[in-house]
Amino acid sequence: MTENYTALYEQHKKAGASFTDFGGWQMPLKYESELAEHHAVRKAAGLFDLSHMGEVWVTGPDAAAFLDYALAGKMSAVAVGKAKYSLICNTDGGIIDDLITYRRPSTEAGVDTYLVVPNAGNAAVVARTLLERAANFDVTVEDASAETSLVAVQGPESEAILLKLVPAEQHHLVSDLKYYAAVEVAINGQDLLVARTGYTGEDGFEIYVPNLEAPALWEALLDAGAGHGLIPAGLAARDSLRLEAGMPLYGNELSRHTNAYAAGLGPVVSLAKETDFVGKEALAAIKAAGVGSTIGQKLVGLKGTGRRAARAHYPVLKDGALVGEVTSGQPSPTLGYPVAMAYVEVEYAEPGTLLNVDLRGKPERFEVVALPFYKRQK
């Protein structure tokens, strides 16, 4: 596999990062301590390089209708300036990727503009799939992933940090920005797209920036956050944070072999759309059959009653019989006990149900709990 490097690779090296391959990218796993990075995001702020994510622009008179067809959600209902979490599915209802789509202001009358943000390892596949599905629509699909960096500031101090780099007359644009909304503001002298989104369970912002400007932005954010407890954070902390927040990871909780209803993402699917969309017939049949509610498996949270953590692919047992499999698991730095997500047979998915996870031949008791494990105080 070809190794890709983000525009911030040298910044990470200079900061002493340990690297790992993720979706074909060399990404910082941690800097000094993944535990310290995790706690910094919960208590102050962490700075993440997310430039491995994809950015695909969809523009044209049919952009809204096209995305209604290509994705499982109703993108035409998204207001300008807002964003929506959605899925892109196969005809059989399997999940190609989960993604966020932003509706941006139109540059000319009768032309709609959307930014679709897929996951790292799926970016090229999603861009190609969107292009294929666009054949009968008056739209342009442009994959801007290679030219775009993405930097995230996450944590309770993130707004105060960002405001240090935004002109006073634009402070209200940042402070008034709602969750799952985006706005263009001047940051460090550059007009950049800023979204109030994240993958940590905390308040925070994701900033889209041209590759050439990314290093200067990174350094400016570090300087601005110096008095607020901001530190750079890697993928290890990002994973423990998103797990505590009950957020699925593609390749763990989501794949082409899973579906929205088993994954607890039924509300993301808009079967009520007047128009057809790819996977609609299959997803309607899956829902009607009761998958994730009365038959099959369902994604649940598991809280460890001991100290040992479950890990991905560990078997889940009930009275010695196999009833599921762990998708993600580790000790929770915030809560102080092991947490995991797992697909289990629906009859064992009720919160309060006691199950065992086979930890390399030794059963460990876990309790089914509602997700998320952690929810920030607002």
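Which strands run in the closed barrel, and with what pairing? In this predicted model, the barrel has six strands in the order β15-β18-β17-β16-β19-β20, and the pairing is antiparallel.

Strand β17 covers residues 321–331 and strand β18 covers residues 338–345. The two pair in the antiparallel sense, over seven bridges. One place to look is Ser328, whose bridge partner in β18 is Met341.

Most residues other than glycine have a negative phi, and most peptide bonds are trans. His313, in the loop between β15 (297–304) and β16 (315–318), has a positive phi near 80° although it is not a glycine. Arg360 also has a positive phi, near 55°, and is likewise a residue other than glycine. Arg360 is found in the loop between β19 (354–359) and β20. Are these two residues buried or exposed? The limit for calling a residue exposed is a relative accessible area over 50%. His313 has 58%, so it is exposed. Arg360 has 75%, so it is exposed too. Further along, in the segment after β20 (362–369), comes Pro372. The peptide bond that joins Leu371 and Pro372 is cis, with omega at about 0°.

The next sheet is open. It has five strands in the order β6-β7-β8-β5-β9, with antiparallel pairing. At its edges are β6 and β9 (140–143), each of which pairs on one side only. From one strand to the next, the twist averages 25°.

How many of the ten residues of strand β7 are buried? A residue counts as buried when its relative accessible area is under 20%. Ten of the ten residues of β7 (residues 95–104) are buried, so the strand is largely enclosed by the rest of the structure. In a regular strand the side chains alternate between the two faces of the sheet.

Strand β7 has a partner on either side in the strand order. With strand β6 (residues 83–89), β7 runs antiparallel and is joined by seven bridges. With strand β8 (residues 112–117), β7 is again antiparallel, and five bridges join the two. Thr101 in β7 shows both contacts: it is the bridge partner of Lys84, and it stands opposite Val116 in β8. Strands β6 and β7 form a hairpin with five residues between them, and in this hairpin Gly93 takes a positive phi near 90°.

At the other end of the strand order, β5 (residues 56–60) pairs with β9 in the antiparallel sense over four bridges. Thr59 stands opposite Thr140 in β9.

The last topic is empty space. Rolling a probe the size of a water molecule over the atoms shows where empty space is left. The second largest pocket has a volume of about 290 Å³. Its lining has 16 residues, and those closest to the centre are Trp57, Glu184, Leu192, Leu193 and Tyr208. Strands β8, β12 (190–195) and β13 (204–210) each supply at least two residues of the lining. By type, the lining divides into eight nonpolar, three polar and five charged residues.

The space in the largest cavity is about 30 Å³. Its lining consists of Met27, Pro28, Phe48, Asp49, Leu50, Ala233, Gly234, Leu235 and Arg238. At least two lining residues come from each of β3 (25–30), β4 (45–49) and α8 (235–244). Six of the lining residues are nonpolar, one is polar and two are charged.

Technical notes. Residues are numbered from 1 along each chain as its sequence is written. This is a predicted model: local features need pLDDT of at least 70, side-chain atom pairs count only at pLDDT 80 or more; totals for chains, interfaces and linings use all residues. Side-chain values use heavy atoms; hydrogens and water are left out. Buried means under 20% relative accessible area, exposed over 50%, partly exposed in between (1.4 Å probe, protein chains only). Two strands pair if DSSP finds at least two bridges between them. On a 1 Å grid over the protein atoms alone, a cavity is a set of points where a 1.4 Å probe fits but cannot get out, and a pocket is an open set with protein on both sides within 12 Å along at least five of seven lines; lining residues have an atom within 4 Å of a point. Grid points are joined across faces, edges and corners, and a volume is the space filled by probe spheres set on the points. Ala, Val, Leu, Ile, Met, Phe, Trp, Tyr, Cys and Pro count as nonpolar, Asp, Glu, Lys and Arg as charged, and the others, Gly among them, as polar. Axes are lines fitted to C-alpha atoms, for helices over the stretch in contact, and angles run from 0 to 180 degrees between N-to-C directions.
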